[in-house]
Amino acid sequence: MNCYGLLPLMLMLVQLSSCSPGMRNRSAQNTDQPFTAVRRVKRGWVWEPLFATEEQTSTEPVYVGQLKSDLEKQDGNLKYILTGEGAGSIFIIDEYNGKIYVKQKLDREKKPFYTLRAQAINRSTQLPVEPESEFIIKVRDINDHEPQFLDGPYVASVPEMSPEGTSVTQVTATDGDDPSSGNSARLLYSLVQGQPYFSVEPKTGVIRMASQMDRETKDQYLVIIQAKDMVGQDGALSATATVTINLSDINDNPPKFQHRLYYMSVSEEAPVGTTVGKVFAEDSDIGENAAMNYSIEGDSSDVFDIITDNETQEGIILLRKRVDYESQRRYSIRAKVVNRYIDEDVLKEEPFEDKTIVKINVEDADEPPVFTSENYVMEIAEGAVSGSLVGTVTARDPDKDDCPVRYSIVHGMRLKRLFSINEHNGTIVTTEPLDREIASWHNITVTATETRNPEQISEANVYIQVLDVNDHAPEFPKYYETFVCENAVSGQLIQSISAVDRDDSAEGHHFSFSLAQEATNNSHFTVKDNQDNTAGIFTAKSGFRRQEQFSFSLPVLILDNGTPPLTSTNTLTITVCDCDTEVNILYCRYGAFLYAMGLSTEALVAVLACILILLVFFLAIVAVRQQRKKSPFLEKIEEFRENIVRYDDEGGGEEDTEAFDISALRTRTVMRTHKPRRKVPTEIHSLYRQSLQVGPDSVIFRQFIAEKLDEANTDPSAPPYDSLQTYAFEGTGSAAGSLSSLGSSTSDADQNYDYLTDWGPHFKHLAGMYASHRSVGD
C-alpha cells in the first residue's frame, strides 16, 4: 500500500467543550459522539488542535478525543501509537480504539499546549497503515487566577483645588488567566472607598478628581480600588489596592497679621540695631507658599527697620537710628506683609498682603553729657607762656533737667602737666611753654561728668597743634672734616657745605652763607653761596705750610628766611695736609694724628715695633707657664683613682660588694717609675702593725699595702704626704668593726697616736699634733 492508495485517517474527537456554541451543544447532548476534524491535503494530514481543560479535579484519566483510521475493521488488527510531548506520562492512548486521555492536572499558565504525533500500524506486519502525523492539544483556560496589584500600595499627589476630572494616578492589576480565551482575564475597576471626592475609570484604572478640595481643610485621602475579572460577573475573582492621595499646597491664602495694633517701647539709650519687638502674620499655606516679606511704610522707615526671620516667619523691628526722648517720645509705623512668591493662576482680586499699625514709645533714660563735637582741633604757638589759652570744649546734659557738668583731662600724667582745663567752663590752657620741635601735636582726652550722677560720663578727643615759631638758628648738618694740600692754588674748592634748621617753614627753607665779620679781612679762604642752600669753601691764596700753621678755624655765618630771620656762626676746621694734587683723606688723617701727638713717622714705627716685641715676649711667657702647669705624670691619673678612695657612707663589711670594689686595688694597668726617695722601714713596719690589727692575717694584703706605701713614698706628685688611706675589712664579720666615728665610744684623747713618730719626717707635723706628749700637754 503506497501513500497515494491509503485511505484517509479520521480523527474522532469527543470534546468536553467545543470551540463554537453548536459544538458545545453537541458535546452536552452526547459526549461519546465522535467529531471528525480533518483537513485533507495531497500529501499527509494536518490535524486541527485538540483541547484539554486545565485544572481537572478527577482522579481518573479524562477523555480528550479519538484517533481513527478508515482502515479500521473493528478486528483489533490496527494499533494506535502516540508520541511527543507528554505522551505516556500526561497523555495516553488506547491502542485498540485510538481514544486519547489526560491523566494529570494541567496548568495553562505553565504550558499552554502540547505537540504530539499519531501513527497507526498493522499488528501482524508491524507496518504502518497510515503515515505518522503531528497534531496539537491546547490546554483550555479556566478562571483560576485572581487579579493582582503588583505595584501597590500606591501614593499619589495632586494640587489642591484642582478641577473636576483632573487625573490623579492610574492603578493597574494583572490576571494570570488567558486573555484570549473567554473573560477570565478581563478586568473591571471600581471605587470601594473615596467617594465623593474621587472616581475611577472601570476599564483603565485611572483615578480622577470628582470635586475641588482644599488642602487647608484636609490634606490626605485614602482611596481603595477593586479589580474584578470575568468583567465583574458573578463568581468573578477580585483584589483591592490602597491609594494614598496627598493634596499639594498652592498659594491660595494671603498672610494675615495676628493683631490690628501692636504696642512696643524702646529706651533712648538703646544702640542702633537693637530689637524693638516682633510682629507675626499667619499664612495657612506651607513651604515657600507661606514665605513672606515684611516692610515699613511711611516716614518712620528712616528710624526703624523690619526684617524677616526666615525660620519663624516673624517680622523683627530694629532700631535704625538712635531715638531721643527729649526730641520725640512716640512713633507710629505701618507694617506690611506680603507673600514672597505669588501664584498668578490662583491670584484673587484682592492682593495677597496685609497691614498693621505698630506704636512705639520712647523711654526716658539718664544720658551722659553730650559734647558739641566728638573731636576738637586747636592751635597754639610754641613758646607761649604758661596759662595761655588753647581752646574751649562744651558739653551739656541732654536730659530735661539739664544737670551741670564737670570737665577733666585724662590720658596720662605728662599731658596733665602740659595742659589744664577749667572744670566749670571747659577752657583748656597750657601749664608750661611748648616746643614744636619736641612734639608738634598733642592728643588729649577730655571727659564731661554729671555733677549729680558721676556714673554718667562722656569723652571727647582734643587734638592740639603746636604752631612753629622761628626760634632755632640754622647750623651745619654734620661735622665737616676739611683738608687742604700744602701745594693748593688760589680759588681751589676744598669743601661743600649745607645747613639744616629744626624749625618748620611753610615756604621752604632758604639759607644764606658768608664769612663771619671777624674773618673777612684776614682769611686764607672764601665762602661762595650757591643760592641752593649750599655753599663752597675756596682757597684765597696759593701754598700752605704745615710747619707754620697746622690748621685753620673758618667762621661761617648762616642766615635763614624765618620771621624774624635768625643767624648762627659755625666754625669749620681746615687741616693742612702734606699731599700732591689730590687730598688722600686717610693719609691726611694719619698725618694729623701724628702731628697732634708730636711724633714723626719714624718714631711711630719704632713705638709700634716695641709694642710688637713685647706682645711676642708676653705670649711666650704664657705658653711656658701653661706647659709647666701640666703634670709630668699624666699616665698615673687612673692609678691615683685606685689609691685614693673617698668613702661617703659606711659599708656593710666583708659581705658588702657594692660600697667598694676590691678588684680595683688589684689592677695594675700602669707601671709607675719610682723616683729616688728615702726608704723608711719603720713606716712599713708601722703599716704592717696597723694592718695586723684590723682584718685577717693575709700575705696578699700585706704585700699589696706595702707596695702601695712604697709607691706613695717615692711619688712626689702624690696627695698630702702626711695622709695615707689604710684599707681593711669593715662591717659584719670584720674584726676591725666600723670605721665610722659616729658609733665609736672612745674620744680622740683615748687613742694612742705614738706610732706616727715612726713614720718618718713626712709625718712629723701630724705626729706633733696627735702624739701622746701633745695630748698630755693639752
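Tutor: This is a predicted model, and the questions below take its labels in turn.

Student: Why is the contact between R260 and D354 called a salt bridge?
Tutor: The closest N and O atoms of R260 and D354 are 2.5 Å apart. The limit is 4 Å between a side-chain nitrogen of Lys or Arg and a carboxyl oxygen of Asp or Glu, so the pair qualifies.

Student: What does the pair R260 and D354 tie together?
Tutor: R260 lies in the loop between strand 16 (256-257) and strand 17 (261-267), and D354 lies in strand 23 (residues 353-363), so the pair joins parts that are 94 residues apart in sequence.

Student: What makes E297 and K355 a salt bridge?
Tutor: Their closest N and O atoms are 3.5 Å apart, and the cut-off is 4 Å, so the pair counts. E297 is in strand 19 (residues 292-297) and K355 in strand 23, 58 residues apart. E297, at 26%, is partly exposed, and K355, at 33%, is also partly exposed.

Student: How many salt bridges does a search of the whole structure find?
Tutor: It finds 13. One of them joins R215 to E216, with the closest N and O atoms 2.9 Å apart. R215 is buried at 10% relative accessibility, whereas E216 is partly exposed at 25%. R215, E216 and D249 are linked in a network of salt bridges.

Student: Which residues have the most contacts inside the largest nonpolar core?
Tutor: That core has 25 residues, and V279, F304, I317, V358 and I360 have the most contacts inside it. Strands 17, 18 (275-282), 19, 20 (304-309), 21 (314-319), 22 (330-339) and 23 each supply at least two of its residues. Strand 22 gives the most, with 4 residues.

Student: Which residues does V358 touch?
Tutor: Leaving out residues up to four places away in sequence, V358 touches Y262, M264, V279, I317, Y331, S332, I333 and A335. There is also a second, separate core of 24 residues, which includes Y154, V171, Y221 and A239.

Student: How do you know that strand 18 and strand 21 pair?
Tutor: Pairing needs at least two bridges, and 5 bridges join strand 18 to strand 21, so they pair. The two run antiparallel. In strand 21, G315 is the bridge partner of V279.

Student: Why is H472 called buried?
Tutor: Its relative accessibility is 16%, and the limit for buried is under 20%, so H472 is buried. H472 lies in the loop between strand 32 (457-467) and strand 33. The side chain of H472 makes a polar contact with the side chain of E437 at 3.5 Å. Among the residues H472 touches are D435, D501, R502 and D560.

Student: Is Y463 buried or partly exposed?
Tutor: At 28% relative accessibility, Y463 is partly exposed. Y463 lies in strand 32, and its contacts include N375, Y376, W441 and H442. The C-alpha atoms of Y463 and W441 are separated by 6.9 Å, the two residues being 22 residues apart along the chain.

Student: How do you know that the length of helix 8 (residues 699-714) agrees with its number of residues?
Tutor: At 1.5 Å a residue, the 16 residues should span 22 Å, and the end C-alpha atoms are 23 Å apart, which agrees. Buried residues in helix 8 include F704, I705, L709 and T714.

Notes: Residues numbered from 1 in each chain as written. Predicted model: local features only at pLDDT ≥ 70, side-chain atom pairs only at ≥ 80, totals over all residues. Heavy atoms only, no water. Buried < 20%, exposed > 50% of the residue type's maximum accessible area, 1.4 Å probe, protein only. Core = buried A, V, L, I, M, F, W, Y, C linked by side-chain atoms within 4.5 Å. Contact = heavy atoms within 4.5 Å. Expected span 1.5 Å × (residues − 1). Polar contact = N/O pair within 3.5 Å; in protein donor to acceptor, adjacent residues only side chain to side chain.
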